[in-house]
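Visitor: I would like to learn how to read the features of a protein model one at a time, with the general idea before the particular case. Could you take me through this one?

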Amino acid sequence: MTTILRRLAFFTALIAIWESIYRLNVEFGFLKTRFFPSPSGAIEQLYKGFFETGILSTALITSLQRISLGFTLALIIGILLGILLGQSKLADETLGSLVIALQSIPSIVWLPIALIFFGQGNTAIIFIIVLGGTWAMTMNVRMGIKNVQPLLIRAALTMGYKGSELVWKVMIPASIPAALTGARLAWAFGWRALMAGELLGRGGLGRTLLDARDMFNMDLVIAIMVIISIIGLIVEYLIFAPIERRVMTRWGLSK
């Protein structure tokens with residue numbers, strides 16, 4: 001509770017300072033605050049976007065649908081590839097090199113190709129999300145499989161585990177902490193890829209932000225940035241953090 005109160009106090013102070021500077025019309029060199037968005041203006045745009053026009057509600061639902069599907073596919077593909085690379089030396093030396101090469105390419109670079117093949121619909125954006133998250137998930141699962149303690153493997157072999165049973169009942173469970181890190185990175189990269197993809201696609205928060213910029217509605221731009229930030233905080237503190245605490249406790253990595 002103390003941590004939550006500290007965070008609330010911190011953000012409240014930041015907003016109050018920002019609003020005060022805006023109200024006082026303070027100028028810092030080239031930055032003229034009378035042309036700059038204010039917290040009160042952003043709050044007004046949030047209210048209008050959700051409760052009057054519904055623009056933000058529609059955009060948010062569209063973005064969440066895209067990230068949900070893209071992130072799920074990235075997790076599935078990443079887990080399967082990671083297990084393959086972690087188990088097969090041949091696959092690691094060949095396919096693994098390709099994964100490393102693809103990981104170094106920003107997912108937004110694929111957008112022109114995606115638009116050519118899939119058009120400006122959901123498929124192109126979901127494709128970008130999958131590419132953004134898959135490689136991080138793959139490499140973390142791979143490292144998790146490869147870094148399983150030899151003592152665990154020897155103990156499992158002594159107990160009669162072998163082949164696929166050894167992989168599914170020993171190696172994969174032991175690699176879950178690394179997989180959780182991969183899921184975190186996959187979400188972060190996938191969410192950024194979504195925003196970038198929507199800037200050139202149709203619908204969603206990214207496209208709405210671009211339209212707001214074109215109309216020089218900076219209050220709406222800030223409102224959308226607030227939504228993006230809040231979603232990031234929700235996913236981190238309400239989803240990943242509780243799962244991480246359970247995993248770390250279960251695997252004896254924390255008290």
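Guide: Let us begin with Glu 44 and Lys 48, which are about one helical turn from each other because they sit 4 residues apart in helix α2 (residues 39-52). Please keep in mind throughout that this is a predicted model.

Visitor: What do Glu 44 and Lys 48 form, and how far apart are their closest N and O atoms?

Guide: The general idea is that side chains of opposite charge can pair when their charged atoms come close. In this case Glu 44 and Lys 48 form a salt bridge, with 3.2 Å between the closest N and O atoms. Glu 44 has a relative accessibility of 42%, so it counts as partly exposed, and Lys 48, at 30%, is likewise classed as partly exposed.

Visitor: How many salt bridges does the count come to?

Guide: The count comes to 8 salt bridges. One of them joins Arg 207 to Asp 211, with 3.5 Å from N to O, and these two residues lie 4 residues apart in helix α10 (residues 204-214), about one turn of the helix. Arg 207 is partly exposed at a relative accessible area of 27%, as is Asp 211 at 31%. Arg 213 and Asp 214 also form a salt bridge, their closest N and O atoms being 2.7 Å apart, while Asp 92, Arg 142 and Lys 146 are linked in a network of such bridges.

Visitor: Turning to aromatic residues, how many aromatic pairs does a search of the whole structure find?

Guide: A pair of aromatic rings is described by the distance of the centres and the angle of the planes. Searching the whole structure gives 5 aromatic pairs. For Phe 10 and Phe 11 the ring centres are 5.4 Å apart and the planes stand at 70°; planes over 60 degrees apart count as edge-to-face, so this pair is edge-to-face. Phe 10 is partly exposed, with a relative accessible area of 49%, and Phe 11 is partly exposed at 45%. Phe 118 and Phe 127 have 5.4 Å from centre to centre and 50° between their planes, and their pair is tilted. Of these two, Phe 118 has a relative accessible area of 39% and is partly exposed, and Phe 127, with 28%, is partly exposed as well. Beyond these pairs, Phe 71, Trp 187 and Trp 191 form one aromatic cluster.

Visitor: Which residues have the most contacts inside the largest nonpolar core?

Guide: That core has 38 residues, and those with the most contacts inside it are Trp 187, Trp 191, Leu 194, Leu 205, Ile 231 and Phe 240. Two or more residues come from each of α3 (55-87), α6 (122-146), α8 (164-174), α9 (176-200), α10 and α11, and the largest share, 10 residues, is that of α11. For the chain as a whole, 38% of the 255 residues are buried.

Visitor: What volume does the largest pocket have, and which element gives the most to its lining?

Guide: The volume of the largest pocket is about 970 Å³. Its lining has 24 residues, of which Arg 7, Phe 11, Ile 15, Ile 230 and Leu 233 are the closest to the centre. At least two lining residues come from each of α1 (2-24), α2 and α11 (218-250), with α1 giving the most, 11 residues. By class, the lining has 20 nonpolar, 3 polar and 1 charged residues.

How values were computed: Residues are numbered from 1 along each chain as its sequence is written. This is a predicted model: local features need pLDDT of at least 70, side-chain atom pairs count only at pLDDT 80 or more; totals for chains, interfaces and linings use all residues. Side-chain values use heavy atoms; hydrogens and water are left out. A salt bridge is a side-chain nitrogen of Lys or Arg within 4 Å of a carboxyl oxygen of Asp or Glu. Buried means under 20% relative accessible area, exposed over 50%, partly exposed in between (1.4 Å probe, protein chains only). On a 1 Å grid over the protein atoms alone, a cavity is a set of points where a 1.4 Å probe fits but cannot get out, and a pocket is an open set with protein on both sides within 12 Å along at least five of seven lines; lining residues have an atom within 4 Å of a point. Grid points are joined across faces, edges and corners, and a volume is the space filled by probe spheres set on the points. Ala, Val, Leu, Ile, Met, Phe, Trp, Tyr, Cys and Pro count as nonpolar, Asp, Glu, Lys and Arg as charged, and the others, Gly among them, as polar. Rings of Phe, Tyr and Trp (its six-membered ring) pair if their centres lie within 6.5 Å; planes under 30 degrees apart count as stacked, over 60 as edge-to-face and the rest as tilted. A nonpolar core is a set of buried Ala, Val, Leu, Ile, Met, Phe, Trp, Tyr and Cys residues joined through side-chain atoms within 4.5 Å.
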